[in-house]
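Dear colleague,

Please find below the structure that I am handing over to you. My notes on what was found in it follow.

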Amino acid sequence: MKPSAFAYRRPASLQEALSLLEQGDDVKIIAGGQSLVPAMNLRMATPGVLVDLAGIESLSALNVEDDGSLSAGAMVAHNRFLRDAQVGAGWPAIPLAVKHVAHEQVRNRGTIGGSLCHADPAAEWAAVCLLLDAEMKLAGRLGARVLPAGEFIKGVYETALEPGEVLCQVRFPAPLRGWRWGFHEIARRRGDFAMAGALAGLAIDDSGLISAARLVVFAAEDRARRLDAALVGVVGCKPDEIDPDLAGLAAAAEVDPRSDLHASAALRFHLVHSCVVRALVEAAGKPAGVRN
Ligand code: FAD
């Protein structure tokens, strides 16, 4: 199918983009186009004007800042995170999850900002941002504001963006030293959106004990969610002494899984359990498949 007719604008500055976005309800941002263009081809989206953010240089910057944080412009493509050595060394949870976003071609074009603004409940980026306590910097005609990751996505395809606002930057706090990470998702085919997924993090102190734990479950509810409380039982244990099964059950009991074409709520309950167990096993450094 083909999209309906639209005009195309490529502003060179954020101010210019914000002015264009003020010019009517049918003006829409395009980033990598990997979600928007299929929607346009199906006529589920029929914007009259597309504002391409690719000409705004600052939105494509990926930098480690003086305070040690990682700042990513909204237009940084998924694959750039996978190829950046500083990201891999300082924020290993990012590549661990983002390598599961779609396929190579989609990862070359699709962007972190586009993924977050599209707000698919199965998107890996939303899960990573929650796990790492990222912040989103937004800009609108009335000024800029910063939101914690937990306040940015409101539901299925729904965000806190006001009309005419642009997501400009995502900021990840300085690297968490001494943490280990695990990721697992279940999709029908490699590259498909997940039916359920989990990202786990364990902080190991100098005596080899787990001092803190984080967990995000995604693709199960209307948005990704932090479920650290499900891991309360692992804190104070040695990584090889934890019971991932118990944590998996605690997490699955917390979620209110949705039913859709891809999986029923009952199936998702089991998928969440499996994903949490496997993510935790990976984070704990246990050989795959080994449980207490
Ligand atoms: P676009 O498609 O250009 O835009 C998406 C939406 O966000 C539009 O409404 C647009 O107006 C808005 N928008 C974009 N940028 C901004 C901004 N800076 N500020 C405000 N609004 C903005 N994603 C996954 O997470 N996991 C997967 O497994 C996965 N599988 C996929 C498989 C296929 C075959 C395809 C085609 C896509 C898949 N995706 C998957 C989606 C992919 O990650 C997209 O890249 C992403 O969802 C959208 O990013 P984009 O840059 O292409 O945004």
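**Domains, ligand shell and core**

The C-alpha centres of domain 1 and domain 3 lie 36 Å apart. This is a predicted model, in which local features need pLDDT of at least 70 and side-chain atom pairs count only at pLDDT 80 or more, while totals for chains, interfaces and linings use all residues. Residues are numbered from 1 along each chain as its sequence is written.

The chain is divided into domain 1 (7–53), domain 2 (64–172) and domain 3 (182–284); these bounds come from an automatic or database domain assignment. The unreviewed UniProt entry annotates residues 1–177 as "domain: FAD-binding PCMH-type", and such annotations may be inferred rather than shown by experiment.

Around the ligand there are 29 residues, of which Gly32, Gln34, Ala102, Gly110 and Gly114 come nearest (a residue is near a molecule if its C-beta atom, placed from the backbone, lies within 6 Å of it). Among the elements that give two or more residues to this shell are strand E2 (27–30), helix H7 (112–118) and helix H8 (124–131). Helices (H or I, at least four residues) and strands (E, at least two) are DSSP runs, numbered from the N terminus. H7 provides the largest share of the shell, five residues. Domain 1 and domain 2 each give at least three residues to the shell.

Ala102, one of the nearest residues to the ligand, sits in the loop between helix H5 (93–98) and helix H6 (104–109). Its phi is near 50 degrees, a positive value in a residue other than glycine. Most residues other than glycine have a negative phi. Ala102 is also buried, with 20 other C-beta atoms within 10 Å (buried means 20 or more such atoms within 10 Å, exposed 12 or fewer, and partly exposed in between, with C-beta atoms placed from the backbone).

Helix H8 is mostly covered, as eight of its eight residues are buried. Just after H8, Asp133 takes a positive phi of about 55 degrees.

The largest nonpolar core has 93 residues, and Val128 and Leu199 are among those with the most contacts inside it. Such a core is a set of buried Ala, Val, Leu, Ile, Met, Phe, Trp, Tyr and Cys residues joined through C-beta atoms within 7 Å. Helix H11 (residues 265–284) gives this core its largest share, ten residues. Leaving aside residues up to four places away in sequence, Leu199 touches residues including Ala127, Val128 and Leu131 (contact means C-beta atoms, placed from the backbone, within 7 Å).

Yours sincerely

Technical notes: Contact = placed C-beta atoms within 7 Å.
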